[in-house]
Amino acid sequence: MQIHRVRGRDLRDALRRAGEQFGAAALLLSHEVLPDGDVMVAVADPARTLATRGEPAKPARSTGLDDVERALVRSGCSREWIDAALAHVEQSGARGAYALDAAAAWVGGRVAVAPSPRLPARDAATNNQPCVLAFVGPTGVGKTTTLAKIASRMARVGRRVSLVSMDTQRPGAVEQLAAHAQAMQAPLQVAANGAELARILALSGGRDCVLIDTTGRSPRDAQALAELTSSLAQTRASLSTYLVLSAGASAAALAEAQRGFAPTKPDAWIVTKLDETRAPAPVLEAAARAKAPLAFLCDGPDIDAHLERASAERFADLFLRGRLA
């Protein structure tokens with residue numbers, strides 16, 4: 001509350017002067033008669049008073065909440081999400097620097113974490129059923145690079161991986177994946193349709209994991225998405241599907257991608273291009289609303305480095321710092 005003192009010849013004159021300076025709603029707090037006979041009044045400036053004209057005063061904000069709000073605003077959080085986070089921190093009683101810790105625990109726990117791919121036991125027979133992972137998503141989100149990152153990590157720990165490209169329409173797509181396959185000494189095959197994909201998978205006994213790169217599709221291309229869904233359904237394999245989405249996509253684009261690729265029944269999402277934005281909150285909020293678990297986070301193009309398993313701690317970093325630690 002901002003308090004001002006105004007002097008007048010008498011009480012009426014002092015109140016008149018206070019009204020002229022601070023408005024008729026100025027709140028009289030006290031008055032006193034000075035030795036020379038003048039009157040001094042103390043008034044509250046209504047523009048800076050939390051409770052004016054009979055309105056209830058708003059409680060003072062706890063220390064640390066401003067820091068939490070600034071961090072969430074910077075990362076692109078929605079107002080609804082920010083208000084919910086602030087309410088949780090306020091209710092928790094956390095103050096000062098601990099407010100950020102309370103916020104981190106809350107936002108980190110809002111998004112589900114997908115389990116790791118279920119690979120066969122290392123001593124499995126050579127005709128074991130491999131783990132099959134299919135990567136779907138809009139054009140340009142980094143499906144091929146993400147697939148290569150995951151395959152490379154598996155290969156480095158001695159897993160037998162093979163790659164399949166269904167991206168036969170984009171110029172250079174097969175060649176790009178072939179270069180990655182050669183670097184990790186993994187076989188690569190090309191499937192133009194669901195029947196060819198099913199045949200390839202039927203002959204993949206002995207592999208630990210088969211990773212399928214699909215053609216990027218527009219979420220609005222219903223026919224192409226129906227064909228993709230049909231192709232994946234013909235595999236007759238235990239298939240896990242990852243929806244790959246860019247961290248820089250708008251909330252509207254993310255919602256459209258979620259609806260468009262829903263027929264492929266994604267088991268989890270992968271978030272890419274975290275290095276290209278400092279406002280990744282929309283994609284995390286979208287995952288939370290869709291109840292879609294996140295499996296991996298990608299924050300750069302390096303095949304051997306820029307891949308992280310999703311976790312509550314990493315979600316908190318993205319919400320509050322805008323990047324992975």
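The largest pocket of the predicted model holds about 360 Å³ of space. A pocket is here an open set of points on a 1 Å grid over the protein atoms alone, with protein on both sides within 12 Å along at least five of seven lines, where a 1.4 Å probe fits; lining residues have an atom within 4 Å of a point. Grid points are joined across faces, edges and corners, and the volume is the space filled by probe spheres set on the points. The model is predicted, local features need pLDDT of at least 70, side-chain atom pairs count only at pLDDT 80 or more, and totals for chains, interfaces and linings use all residues. Residues are numbered from 1 along each chain as its sequence is written, and side-chain values use heavy atoms, with hydrogens and water left out.

Of the 24 residues lining the largest pocket, Gly140, Val141, Gly142, Lys143 and Thr145 are the closest to its centre. Helix H5 (residues 143-156) supplies the largest share of this lining, five residues. Helices (H or I, at least four residues) and strands (E, at least two) are DSSP runs, numbered from the N terminus. By class, the lining of the largest pocket comprises three nonpolar, 13 polar and eight charged residues. Ala, Val, Leu, Ile, Met, Phe, Trp, Tyr, Cys and Pro count as nonpolar, Asp, Glu, Lys and Arg as charged, and the others, Gly among them, as polar.

The second largest pocket holds about 260 Å³. Its lining has 18 residues, of which Pro117, Arg118, Cys131, Leu133 and Ser240 are the closest to the centre. Strand E4 (131-136) and strand E8 (239-246) are the elements that give two or more residues to this lining, and E4 gives the most, with three. The lining of the second largest pocket divides into twelve nonpolar, four polar and two charged residues.

Leaving aside neighbours within four places in sequence, Asp208 is in contact with Leu119, Pro120, Pro130, Cys131, Arg159 and Arg160. Asp208 is placed in the loop between helix H7 (194-202) and strand E7 (209-213). Its relative accessibility is 3%, and Asp208 therefore counts as buried; the term buried means under 20% relative accessible area, exposed over 50%, and partly exposed in between (1.4 Å probe, protein chains only).

Ala247 lies in the loop between E8 and helix H9 (251-260). With a relative accessible area of 1%, Ala247 is buried. Apart from neighbours within four places in sequence, the contacts of Ala247 are Val271, Thr272, Lys273, Leu274, Thr277, Ala279, Pro280 and Val283. The C-alpha atoms of Ala247 and Pro282 are separated by 7.8 Å, although the two residues are 35 apart along the chain.

Lys273, one of the contacts of Ala247, is located in the loop between strand E9 (268-272) and helix H10 (281-290). Lys273 is not a glycine, yet its phi is positive, near 60°. This residue counts as partly exposed, at 26% relative accessibility.

Helix H10 is mostly covered, with seven of its ten residues buried. These are Ala281, Pro282, Val283, Leu284, Glu285, Ala286 and Ala287. The buried residues of H10 pack against H3, E8, H9, E9, E10 and H11. Just after H10, Lys291 takes a positive phi of about 55°. Lys291 lies in the loop between H10 and strand E10 (294-297) and, at 75% relative accessibility, counts as exposed.

Aromatic rings were examined next. Rings of Phe, Tyr and Trp (its six-membered ring) pair if their centres lie within 6.5 Å; planes under 30 degrees apart count as stacked, over 60 as edge-to-face and the rest as tilted. By this rule there are four aromatic pairs. One of them is the stacked pair of Trp81 and Phe319, at 5.4 Å centre to centre and 15° between the planes. Trp81 lies in helix H3 (residues 79-92) and Phe319 in helix H11 (residues 312-321), so the pair ties together parts that are 238 residues apart in sequence.

The charged end of Arg309 sits over the ring of Phe296, 5.2 Å from the ring centre. A charge sits over a ring if NZ of Lys or CZ of Arg is within 6 Å of the ring centre and within 35 degrees of the ring normal.

Definitions and conventions:
Contact = heavy atoms within 4.5 Å.
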